[in-house]
Amino acid sequence: DVHLHGGEFGFSYKFWEVKEINEGEDPFVVLEYRSPHFEEGYPGNLHVQVKYTLTEADEVKIEYTAQTDRKTIVNLTNHAYINLNGRGDVDDHKLQIKAEKYLETNAQKIPTGSLPDTAGTELDFRKAAAIGEV
């Protein structure tokens, strides 16, 4: 079975509760979600928290914690895209990813284990380029 994105809806469509906000040095916010037993078909009551921190080095740090009361599948990640202009499109945003290879996936978006070169592909952002140019 494939469990990509956590079922039919996934946590990205859930309302998370704000648990803590710190506006001081290294400001952060902690969000919490409680997934009831068999939501999306997964066994166990799952308690998830995510902490987003903005560091002094202008990095966004994301930390996850999860506890469950039964054996279940949990593999949390983040796919957030942030528009640095606050509105409009991101075509003029410059992106640089210092990666010579990428993880290939099949038609179901499952990794194949192959690591092709980024050179000559639309994934080649080793040199900064505007997103709209690629």
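Modeller: What follows is a set of questions and answers on strands, salt bridges and surface patches.
The model is a predicted one, in which local features need pLDDT of at least 70 and side-chain atom pairs count only at pLDDT 80 or more, while totals for chains, interfaces and linings use all residues. Residues are numbered from 1 along each chain as its sequence is written, and side-chain values use heavy atoms, with hydrogens and water left out.

Biologist: In which sense do S1 and S2 pair, and over how many bridges?
Modeller: Strands here are DSSP runs of E with at least two residues, numbered from the N terminus, and two strands pair if DSSP finds at least two bridges between them. Strand S1 covers 17-22 and strand S2 covers 28-35, and within this pairing Glu17 stands opposite Glu32 in S2. The sense of the S1 and S2 pairing is antiparallel, and the number of bridges is five.

Biologist: Which residue takes a positive phi in the hairpin of S1 and S2?
Modeller: The hairpin has five residues between its strands, and Glu25 is found in that loop between S1 and S2. The residue with the positive phi, near 50°, is Asp26.

Biologist: Which residue of S3 is the bridge partner of Glu32?
Modeller: Strand S3 takes in residues 46-54 and pairs with S2 in the antiparallel sense over eight bridges. Along this pairing Leu31 has Val50 as its bridge partner in S3, and for Glu32 the partner in S3 is Gln49.

Biologist: Why does S2 count as largely enclosed by the rest of the structure?
Modeller: A residue is called buried when its relative accessible area is under 20%, exposed when it is over 50%, and partly exposed in between, using a 1.4 Å probe and protein chains only. Glu32, which reaches 7% relative accessibility, counts as buried by that rule. S2 is largely enclosed because the number of its eight residues that are buried is six.

Biologist: How many bridges join S3 to S4?
Modeller: One of the pairs is Leu46 with its bridge partner Thr68 in S4. The hairpin of these two strands has five residues between them, and there Asp58 takes a positive phi near 60°. The two strands run antiparallel, and the bridges that join S3 to S4 number nine.

Biologist: How far apart are the closest N and O atoms in the salt bridge of Lys19 with Glu32?
Modeller: A salt bridge is a side-chain nitrogen of Lys or Arg within 4 Å of a carboxyl oxygen of Asp or Glu, and by this rule the count comes to six. Lys19 and Glu32 belong to a network of salt bridges that also links Glu17 and Arg34. For Lys19 and Glu32, the closest N and O atoms are apart by 3.8 Å. Lys19 lies in strand S1 and Glu32 in strand S2, so the pair ties together parts that are separated in sequence by 13 residues.

Biologist: How far apart are the closest N and O atoms of Asp117 and Lys101?
Modeller: At 46% relative accessibility, Asp117 counts as partly exposed, and Lys101 is likewise partly exposed at 46%. These two residues form a salt bridge, and the distance between their closest N and O atoms is 2.7 Å.

Biologist: Is Tyr81 buried or exposed?
Modeller: Tyr81 lies in the loop between strand S4 (60-68) and strand S5 (94-95). At a relative accessible area of 78%, Tyr81 is exposed.

Note on methods:
Helix = DSSP H or I, 4+ residues; strand = E, 2+ residues; numbered from the N terminus.
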